[in-house]
Amino acid sequence: MRIETLDDPAALARHVAEWMTAAALATEGAFRVSLSGGSTPRALYGLLASDAFVRRFPWQRVSWYWGDERFVPHDHPDSNYRMTREAMLSKAPVPPANVHPVPADGTPDEAALRYERTLQAAYGAATLDSSRPLFDITLLGLGPDGHTASLLPDEPVLGERKRWVAAVSHGRPEVRITMTYPVIESSRHVAFLVAGQEKAAMLETIRAGGSQVPAARVKPVGELVWFVDRAAAGEG
């Protein structure tokens, strides 16, 4: 894995905004991004919609998905979709047809299956091909317990290899819906965004190698990069 260390969360957000913009501009045609929740990505999303980036980013051909979501209404305070909408989607020229939130109605299993079908429709097939990644960029976070997306420690979802999306009904107070490893790994670039001293111990464990926590088990078909601030890197 490649690690890039930035001074603080603000510097991290600006660096990743530049990186995402460059990656999108270097391609032609549809560009698919899988988003992460949390405070660190929120700063990034707000920056992309700011004057510094909004006119540079190719919004018209970028489609947005979510790597995981709490099974709550889209206007709920805990919704990753709501956070992204407030920080970026409502402030940038994003075509509504390019926004693909996780369904929040029906049962969790039904919502997971519907989102799986949404992804398969975008991909044009029901089987992933390592030579043709689903996503161009997948953003991920790191929990102090080593989870990423809603791939939670010791949960059965960690072993799921057939389903693209699964409901996770244990391990957290609320039910969650998450992309599984094969879908997260089907990306040209997988980027972990990690900030804060509370992440330092887990990041050091993963950097040492051999860890089996969920985040350490992500092995994308493309590039794997960790963007971290100095506090998370144990440098301040």
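Arg42, Tyr45, Gly46 and Leu48 of helix H2 meet Met83, Thr84, Glu86, Ala87 and Met88 of helix H3, where contact means heavy atoms within 4.5 Å. By class, this contact of H2 with H3 brings together five nonpolar, two polar and two charged residues; here Ala, Val, Leu, Ile, Met, Phe, Trp, Tyr, Cys and Pro count as nonpolar, Asp, Glu, Lys and Arg as charged, and the others, Gly among them, as polar. The structure is a predicted model, in which local features need pLDDT of at least 70 and side-chain atom pairs count only at pLDDT 80 or more, while totals for chains, interfaces and linings use all residues. Residues are numbered from 1 along each chain as its sequence is written, and side-chain values use heavy atoms, with hydrogens and water left out.

Two packed helices are described by the angle between their axes and the distance between the axes. Helix H2 covers residues 39-48 and helix H3 residues 80-89, and the two pack at an angle of about 35 degrees with their axes 7 Å apart. Axes are lines fitted to C-alpha atoms, for helices over the stretch in contact, and angles run from 0 to 180 degrees between N-to-C directions. Helices (H or I, at least four residues) and strands (E, at least two) are DSSP runs, numbered from the N terminus.

From helix packing we turn to charged pairs. A search of the whole structure finds 14 salt bridges, a salt bridge being a side-chain nitrogen of Lys or Arg within 4 Å of a carboxyl oxygen of Asp or Glu. In one of them, Arg2 pairs with Glu223, the closest N and O atoms being 2.3 Å apart. This pair links distant parts of the chain, since Arg2 belongs to strand S1 (residues 2-6) and Glu223 to strand S9 (residues 223-229), 221 residues apart. Arg2 is partly exposed, with a relative accessible area of 32%, and Glu223 is partly exposed at 24%; buried means under 20% relative accessible area, exposed over 50%, and partly exposed in between (1.4 Å probe, protein chains only). Salt bridges that share partners join Arg2, Glu4 and Glu223 into one network.

Another salt bridge is formed by the side chains of Arg163 and Glu116, at 2.8 Å from N to O. It too links distant parts of the chain, with Arg163 in the loop between strand S5 (135-140) and strand S6 (165-168) and Glu116 in helix H4 (residues 108-123), 47 residues apart. Arg163 is partly exposed at 31% relative accessibility, whereas Glu116 is buried at 9%.

The side chains of Asp145 and Arg172 also meet in a salt bridge, at 2.9 Å from N to O. Asp145 lies in the loop between S5 and S6 and Arg172 in the loop between S6 and strand S7 (176-179), so the pair ties together parts that are 27 residues apart in sequence. Asp145 is partly exposed at 29%, and Arg172 is partly exposed at 25%.

The loop between S5 and S6 also holds Ala149, whose phi is near 50 degrees, a positive value in a residue other than glycine. Ala149 is buried, with a relative accessible area of 12%. Asp154 is found in the loop between S5 and S6 as well, and its phi, near 65 degrees, is likewise positive in a residue other than glycine; Asp154, however, is exposed at 77%.

Finally, Ser187 has its place in strand S8 (residues 187-194) and is buried, with a relative accessible area of 0%. Not counting residues up to four places away in sequence, Ser187 touches Pro133, Phe135, Asp136, Ile137, Thr138, Pro220, Val221 and Gly222.
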